[in-house]
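Please keep the structure in view while reading.

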Amino acid sequence: MAEYKVLVSDKLSPEGIKIFQQAPEIDVDVKVGMSKEELISCIEQYHGLTVRSTTKVTADVLAAATNLKVIGRAGIGVDNIDVDTASKRDILVMNTPTGNRIATAEHTLALMLALCRQLPQADASLRAGRWEKSKFMGVELYAKTLGIIGLGNVGSAVAERAKGLGMRVLAYDPHIVKERAQDLGVEPVQLSQLLTESDFISIHTPLTPETQAMIGKKEIEAAKPGVRIINCARGGLVDETALVEALQSGRVAGAALDVYETEPLPPDHPLLKLDNVVLTPHLGAATAEAQQNVALDVARQMVDFLVKGKVVNAVNCPS
């Protein structure tokens with residue numbers, strides 16, 4: 001009989017499920033789409049819980065999880081998990097910070113290019129039967145300055161690719177040593193310098209009380225006129241009200257967003273009425289390769305922890 005039971009409550013790549021199934025010490029159940037009440041009613045029997053972004057692991061859920069030892073997030077962000085309460089209940093929370101690194105970095109560059117060349121608008125125009133070649137005048141990334149806020153896994157991958165496009169790259173990250181930035185060929189700067197010198201600003205930080213609305217009205221007013229803002233990290237890092245106002249006035253020339261303060265994006269949101277934005281529905285990690293990578297990573301980490309006591313990529317305990 002298996003010693004541990006693991007619940008997978010969000011869709012996970014079959015390769016990840018196989019890792020659990022192949023461990024003789026683990027019994028795994030896959031129950032996708034449960035309500036909060038259904039999760040609370042069954043969580044007591046499990047030692048491990050695997051989630052993506054859909055399942056909300058709230059204090060109520062954790063109170064019922066009397067045998068839970070570990071929560072594995074197949075992805076980077078853990079804002080759908082009450083990490084503080086999990087820590088108080090001695091439940092380890094781990095994520096997979098590198099599995100979707102390349103996918104998110106590539107999506108960031110895709111949004112930047114689409115924004116510069118107005119690709120969605122040009123595509124829609126052509127499909128509507130128009131040939132408006134002169135309407136869609138773009139700008140080049142080459143020789144422009146990109147300011148990256150957050151030089152972690154994804155931010156550093158964006159920096160590497162932007163350098164390949166011939167961009168000057170500035171980086172603000174109080175947690176990264178200067179040597180790391182210099183190894184990547186980017187210039188470490190304070191946020192104030194990044195704002196005033198960047199033609200493009202791309203954000204790659206977690207959403208915390210400290211980073212909430214870190215690009216707000218004050219920061220936008222301090223930024224270089226005509227700046228373009230890209231956010232593939234977390235909704236809430238950019239103050240959407242201030243951004244809409246700046247897009248309407250032209251202070252911000254354009255924005256490309258994959259994440260929003262409220263998801264799904266409400267159908268009456270003012271961003272949807274603007275022509276100088278490119279919007280995608282949280283697709284940063286939506287590649288076949290990334291989905292497989294994060295599934296394999298989270299399954300291996302959870303099995304290693306439950307069976308061997310090995311801690312990897314824990315957000316509430318030193319690895």
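Arg-168 has a relative accessible area of 30%, which lies between the limits of 20% and 50%, so Arg-168 is partly exposed. The model discussed here is a predicted one.

Side chains of opposite charge can pair when their charged atoms come close. Arg-168 forms such a salt bridge with Glu-187. This pair connects distant parts of the chain, since Arg-168 belongs to strand S7 (residues 168-172) and Glu-187 to strand S8 (residues 187-188), 19 residues apart. Glu-187 is likewise partly exposed, with a relative accessible area of 33%.

In the whole structure, 13 salt bridges are found.

| Salt bridge | N to O distance |
|---|---|
| Arg-168 and Glu-187 | 2.9 Å |
| Arg-130 and Glu-132 | 3.2 Å |
| Arg-101 and Glu-160 | 3.6 Å |

Arg-101 lies in helix H5 and Glu-160 in helix H7 (residues 153-164), and 59 residues separate them. Through shared partners, salt bridges join Arg-101, Glu-160 and Arg-161 into one network.

**Helix H5**

How far apart are the end C-alpha atoms of helix H5 (residues 101-117)? At 1.5 Å a residue, its 17 residues should span 24 Å, and the end atoms are 25 Å apart, which agrees. Twelve of the 17 residues are buried, so H5 is largely enclosed by the rest of the structure. Among the buried residues are Arg-101, His-107, Leu-111 and Cys-116. Just after the helix, Gln-118 adopts a positive phi of about 50 degrees.

**Nonpolar cores**

The largest nonpolar core contains 29 residues, and those with the most contacts inside it include Ile-149, Ile-203, Leu-247 and Val-252. Among the elements that give two or more residues to this core are helix H9 (191-197), helix H11 (240-249) and strand S11 (252-257). Helix H11 supplies the largest share, five residues. Beyond its neighbours within four places in sequence, Leu-247 is in contact with several residues, including Val-252, Leu-271, Leu-274 and Val-277. A second, separate core of 27 residues includes Leu-111, Leu-141, Met-167 and Ala-256.

**The open sheet**

Strands of a sheet pair through backbone hydrogen bonds, either parallel or antiparallel. In which order do the five strands of the open sheet lie? The order is S2-S1-S3-S4-S5, with parallel pairing. Strand S2 (26-30) and strand S5 (92-94) are the edge strands, each pairing on one side only. On average, neighbouring strands are turned by 15 degrees against each other, direction ignored. Strand S4 (residues 70-73) pairs with S5 over three bridges, and Ile-71 stands opposite Val-93 in S5.

Two helices that pack on this sheet may be considered next. Helix H1 (residues 14-21) touches strand S1 (4-8), S2 and strand S3 (48-51), and its direction makes about 145 degrees with that of S2. Helix H12 (residues 288-308) touches S1, S2, S3, S4 and S5, and its direction makes about 165 degrees with that of S4.

Definitions and conventions
Residues numbered from 1 in each chain as written. Predicted model: local features only at pLDDT ≥ 70, side-chain atom pairs only at ≥ 80, totals over all residues. Heavy atoms only, no water. Helix = DSSP H or I, 4+ residues; strand = E, 2+ residues; numbered from the N terminus. Expected span 1.5 Å × (residues − 1). Buried < 20%, exposed > 50% of the residue type's maximum accessible area, 1.4 Å probe, protein only. Core = buried A, V, L, I, M, F, W, Y, C linked by side-chain atoms within 4.5 Å. Contact = heavy atoms within 4.5 Å. Pairing = 2+ DSSP bridges. Axes fitted to C-alpha atoms, helices over the stretch in contact; angles between N-to-C directions. Salt bridge = Lys/Arg side-chain N within 4 Å of Asp/Glu carboxyl O.
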